[in-house]
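Thanks for coming. I have one structure to show today, and I will keep it short.

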Amino acid sequence: RGEVFMPKAEFARINAEREEAGLPLYANPRNSGAGSLRQKDPAITAARLLSSWTYQLVEDGEGSVDSQSAALDRLAALGLPVNPDREPGLDIEGVIAFTEAWSDKRHALPYETDGVVVKVDRFDQQERLGMVSRAPRWAIAYKFPPEQVETVLEDIVPYVGRTGTLTPVAHLTAVKVAGSTVTRATLHNLDEIGRKGLLIGDHVVLQKAGDVIPEVVRPIPERRTGTERPFEMPARCPVCDTPVVRDEGAVRHYCPNLACPARVAQEFQHFVGRGGMDIEGAGWKVLEQLLQTGLVKRRGDFFRLSVEDLEGLDRFARKSAENLHASIQKARRRPLERIIAGLGIPQVGFTTAIELAAWLAAEVPAGDDWLRRAAALLERVATDEPERFAEVAGVGPTVSAALAAWFAAGGPGRGVLDDLADAGVEPVVPAPRAGAGESAATGPLAGRTVVVSGTIEGYSREEAEQAVRDAGGRAAGSVSKKTDYLVAGPGAGSKVAKAEALGVPILDAEGFAKLLKGEPT
């Protein structure tokens with residue numbers, strides 16, 4: 001067992017190629033390595049020079065090693081890649097010295113790392129210490145403190161997002177931190193700026209939260225010269241000049257104009273992104289050109305594009321146009337829940353999209369022109385019977401109102417699904433459940449609600465949740481009194497504490513496997 005990673009040099013090579021092709025750059029080697037492994041086309045994964053470290057030898061019987069250090073030595077002798085920067089036999093003072101030394105030396109490594117793992121060496125002692133639901137008691141990860149640097153907060157600029165929210169973003173004097181140059185960092189909202197006491201022109205302390213996300217930690221008041229000034233949220237949208245609204249009792253400022261160009265562009269990006277139609281190559285720069293040239297005005301227009309249309313885009317050659325066109329054609333058939341999630345309906349996340357897809361599958365008979373008939377049902381319910389949206393599992397008054405507003409006459413979603421049907425989009429419709437919007441009447445998890453959190457061995461998050469649904473259960477996104485089980489792996493976080501407080505049974509990967517088979521856990 002081990003870990004695959006992308007070396008810094010390979011990350012730099014891929015980003016250089018993407019920049020030359022006019023594609024958006026990847027954020028960091030960690031996400032790029034994970035994304036490379038998830039590629040549906042193995043040729044893409046093979047073209048990326050990934051590396052790996054082996055950490056664990058699984059064996060039994062005569063001749064088996066009896067310690068972690070011996071296992072690593074055997075793995076190395078077998079020719080498998082083993083991290084050379086390891087040191088057995090340390091006491092607690094030695095562990096502290098090791099972590100302190102590598103807190104600085106890590107930046108010289110050819111790969112990114114954010115910590116050191118400390119393990120009890122002897123396997124018999126590991127067995128005595130045992131496991132908890134999320135992790136072994138015989139190992140712990142020490143995370144390095146985030147590297148902090150000083151830079152200047154040159155300006156604060158509000159950006160308009162998909163839902164119209166104005167998010168203030170710090171424009172910073174370029175500075176290198178945790179392996180990359182940073183010039184931007186989100187400040188979240190006006191209240192956060194006030195809480196930190198930030199002024200435009202301040203010298204500030206910057207770090208990367210988790211060694212990934214840039215974060216302005218605090219100002220340095222002693223560096224102030226008197227020329228600094230406070231930030232004020234604009235009264236009008238910086239893109240479409242519509243008066244900005246602030247939610248009563250909330251920190252959110254937003255542009256209410258549904259036709260605001262910034263909102264529209266973000267909505268389209270969400271639609272083509274990985275959580276929606278997953279059109280490979282349709283990055284931000286490509287999307288901007290498609291919108292500015294008028295080639296794309298509605299979601300269905302993506303599927304009306306020809307190779308010649310794409311070839312006319314800036315920095316697009318015939319081959320890149322053909323590749324993007326092929327990605328678009330492939331996206332014509334996507335699971336219904338992915339299409340719904342990609343629409344960007346307020347209050348409707350992926351879990352709700354799954355339940356809405358199941359409800360539609362039960363309500364709309366299979367056959368030709370299915371998407372158009374589903375659209376007609378949604379629009380009729382939104383206009384005449386909005387209370388019916390409560391039939392969808394997990395949908396309460398707030399989500400019902402959001403669905404009704406989106407699909408009703410005059411709503412932003414009116415005609416969207418018809419347009420996709422006209423463009424040749426054919427959803428993969430889930431098998432109807434027994435009862436509109438309810439869990440299947442059969443299966444080991446019939447009538448049960450399961451929350452999956454953290455990393456579950458053998459499954460991606462989507463695969464684990466699909467396994468719950470295949471067994472007749474409902475995969476929920478948060479723990480509540482209605483939750484029957486929490487399946488928790490490493491990284492499960494606060495959901496474990498909440499489950500413990502509510503008395504919800506917590507299962508590991510082994511317990512999850514038994515649950516899916518209907519065996520006692």
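Predicted model: local features only at pLDDT ≥ 70, side-chain atom pairs only at ≥ 80, totals over all residues.

Residues are numbered from 1 along each chain as its sequence is written, and side-chain values use heavy atoms, with hydrogens and water left out.

Five strands form an open sheet in the order 7-6-5-8-9, with antiparallel pairing. Strands here are DSSP runs of E with at least two residues, helices are runs of H or I with at least four, and both are numbered from the N terminus. Two strands pair if DSSP finds at least two bridges between them. At the edges are strand 7 (180-186) and strand 9 (213-219), each of which pairs on one side only. On average, neighbouring strands of this sheet are turned by 40° against each other, direction ignored. The axes behind that angle are lines fitted to C-alpha atoms, for helices over the stretch in contact, and angles run from 0 to 180 degrees between N-to-C directions.

Within the sheet, strand 5 (residues 148-160) and strand 6 (residues 166-177) run antiparallel and are joined by seven bridges. Val 157 has Val 169 in strand 6 as its bridge partner.

Next, the helices. Ser 32 sits in helix 2 (residues 29-37). Is this serine buried or exposed? Ser 32 is buried, at a relative accessible area of 7%. Buried means under 20% relative accessible area, exposed over 50%, and partly exposed in between, using a 1.4 Å probe and protein chains only. Leaving aside neighbours within four places in sequence, Ser 32 is in contact (heavy atoms within 4.5 Å) with Met 6, Phe 11, Tyr 26 and Arg 48.

Helix 15 (residues 397-407) has several buried residues, including Val 399, Leu 403, Trp 406 and Phe 407. Their cover includes helix 13 (350-363), helix 14 (370-384) and helix 16 (416-422).

Last, the two loop residues. Most residues other than glycine have a negative phi. Asp 241 has a positive phi, near 70°. Asp 241 lies in the loop between strand 9 and strand 10 (245-246), and is partly exposed at 45% relative accessible area. Asp 369 also has a positive phi, near 55°. Its loop runs between helix 13 and helix 14, and Asp 369 counts as partly exposed at 44%.
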